[in-house]
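Dear colleague,

Here is the structure I promised to pass on. My notes follow below it.

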Amino acid sequence: MFEGEEVELKYEDVIKVLNGFSDEESYAYEMITPEITYLVKENILFVDSVRGIIKPQSRLNLLAIRKVMKDA
């Protein structure tokens, strides 16, 4: 669910969000997408709306994201 509607997530779009962490620990977002919402609900990412950035929930999540992105 995203903004009250059922939205189909695309694998490629989720990967694009996660690829942003290959070199950085956090990065700025322009708008909240269904993919970001999904990753936040699954406790993988954290959105800091004051600073306008997204980052992994923990250092362990960051390391796991980088490992998966490297192997993909």
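Subject: notes on the model

The chain has 3 helices and 3 strands, which run α-β-α-β-β-α from the N terminus. Helices (H or I, at least four residues) and strands (E, at least two) are DSSP runs, numbered from the N terminus.

This is a predicted model, in which local features need pLDDT of at least 70, side-chain atom pairs count only at pLDDT 80 or more, and totals for chains, interfaces and linings use all residues. Residues are numbered from 1 along each chain as its sequence is written, and side-chain values use heavy atoms, with hydrogens and water left out.

The radius of gyration, taken over C-alpha atoms, is 12 Å; a compact globule of 72 residues would have one near 11 Å, so the two agree. The globule rule is 2.2 Å times the number of residues to the power 0.38.

Of the 72 residues, 29% are buried, meaning under 20% relative accessible area (1.4 Å probe, protein chains only). The largest nonpolar core has 12 residues: V14, V17, L18, F21, Y29, I36, L39, L45, I54, L62, I65 and M69. Two or more of these residues come from each of α1 (11-19), α2 (34-41) and α3 (59-71). Such a core is a set of buried Ala, Val, Leu, Ile, Met, Phe, Trp, Tyr and Cys residues joined through side-chain atoms within 4.5 Å.

Beyond its neighbours within four places in sequence, I54 is in contact (heavy atoms within 4.5 Å) with V17, F21, S26, Y27, Y29, I36, L45, F46 and V47.

N43 lies in the loop between α2 and β2 (45-48). N43 is not a glycine, yet has a positive phi of about 60°.

Regards

How values were computed: Buried means under 20% relative accessible area, exposed over 50%, partly exposed in between (1.4 Å probe, protein chains only).
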